[in-house]
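Subject: Structure for you to look at

Hello,

Here is the structure I promised to pass on. Please open it and keep it on screen while you read.

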Amino acid sequence: MRRVEKVIIVEGRSDKQKVAAVLKEPVIILCTNGTISDARLEEWADELEGYDVYLLADADEAGEKLRRQFRRMLPEAEHLYIDRAYREVAAAPIWHLAQVLLRADFDVRIELLMKGRGE
């Protein structure tokens, strides 16, 4: 079994479930449950040293606040963005989420890229 090297941080449990359904590779998915304290984020920063860390937050004010916090406390995290039209990760079509993750070099279930696109 290969070592898990990537961590995706999302806001909620429904985001986590949707992201997990798209991925074909082992990835740790953590939830902030909408908000996270600086102290907890600092703990995560220590625990996640050596991992490739990605933040996939909603395209709303709460998501932007979370991004600002991550830029300050965990600046090496890569930020992934869904189209603002969907506003929430959980509301984004599965094919769109697969595209976002594929562009960030995640191994995704390729068949999902065509879902809802004239299939």
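Below is what was found in it, starting from the inside. One caution before that: the model is predicted.

**The main core**

Start with the largest nonpolar core, which has 24 residues. Ile8, Val19, Leu56, Leu101 and Phe106 have the most contacts inside it. Several elements each supply at least two of its residues: strand 1 (6–10), helix 1 (13–22), strand 2 (28–31), strand 3 (52–56) and helix 4 (94–103). Which helix gives the most to this core? It is helix 4, with four residues.

There is also a second, separate core of 14 residues. Ile9, Leu48, Leu55 and Ala57 are included in that one.

Find Leu56 in strand 3. Is Leu56 buried or exposed? Its relative accessible area is 0%, so Leu56 is buried. Set aside its neighbours within four places in sequence, and Leu56 is still in contact with Ile8, Ile9, Val10, Glu11, Val19, Arg67, Leu80, Tyr81, Ile82, Val89, Leu97 and Val100.

Val19 is on that list. Now look from its side. With neighbours within four places left out, Val19 is in contact with Ile8, Val10, Ile29, Leu56, Val89, Leu97 and Leu101.

**Helix 4 and helix 1**

Helix 4 has these buried residues: Trp95, His96, Leu97, Ala98, Val100 and Leu101. What do they pack against? Strand 1, helix 1, strand 3 and strand 4 (78–80).

Take helix 1 next. The axes of helix 1 and helix 4 come within 10 Å and cross at roughly 70 degrees. Angles of 65 to 115 degrees count as roughly perpendicular. Helix 1 and helix 4 are therefore roughly perpendicular to each other. On the helix 1 side, Lys18, Val19 and Val22 make the contact. On the helix 4 side, Ile94, Leu97, Ala98 and Leu101 do. By class, this contact has six nonpolar residues, no polar ones and one charged.

**Helix 2 and helix 3**

Here is another helix pair. Helix 2 covers residues 38–47 and helix 3 covers residues 61–73. They pack at an angle of about 55 degrees, with their axes 11 Å apart. That angle makes helix 2 oblique to helix 3. The crossing is right-handed.

Which residues of helix 2 make the contact? Asp38, Leu41, Glu42 and Ala45. Helix 3 brings Gln69, Phe70, Arg72 and Met73. By class, this contact has four nonpolar, one polar and three charged residues.

**Loops, buried and exposed**

Now the loops. Thr32 sits in the loop between strand 2 and helix 2. At 4% relative accessibility, Thr32 counts as buried. Residues up to four places away aside, Thr32 touches Ile9, Val10, Glu11, Trp44, Leu66 and Phe70.

Leu23 is in the loop between helix 1 and strand 2. Why does Leu23 count as buried? Its relative accessibility is 11%, and buried means under 20%. Residues up to four places away aside, Leu23 touches Ile8, Ile29, Leu101, Phe106, Asp107, Val108 and Arg109. Leu23 and Arg103 are 80 residues apart along the chain, and their C-alpha atoms are separated by 13 Å.

Then look at Glu49, in the loop between helix 2 and strand 3. Glu49 is exposed, with a relative accessible area of 66%. Glu49 and Gly63 are 14 residues apart in sequence, and 23 Å apart in space, C-alpha to C-alpha.

**Two backbone angles to check**

Most residues other than glycine have a negative phi. Arg87 has a positive one, near 60 degrees. Arg87 is found in the loop between strand 4 and helix 4. Arg87 is partly exposed, with a relative accessible area of 48%.

Asp105 also takes a positive phi, of about 70 degrees, although it is not a glycine. Where is Asp105? In the segment after helix 4. At 64% relative accessibility, Asp105 counts as exposed.

Best wishes

Definitions and conventions
Residues numbered from 1 in each chain as written. Predicted model: local features only at pLDDT ≥ 70, side-chain atom pairs only at ≥ 80, totals over all residues. Heavy atoms only, no water. Core = buried A, V, L, I, M, F, W, Y, C linked by side-chain atoms within 4.5 Å. Buried < 20%, exposed > 50% of the residue type's maximum accessible area, 1.4 Å probe, protein only. Contact = heavy atoms within 4.5 Å. Axes fitted to C-alpha atoms, helices over the stretch in contact; angles between N-to-C directions. Parallel < 35°, antiparallel > 145°, perpendicular 65-115°, else oblique. Left-handed = near helix turned anticlockwise from the far one by under 90°. Nonpolar A, V, L, I, M, F, W, Y, C, P; charged D, E, K, R; others polar.
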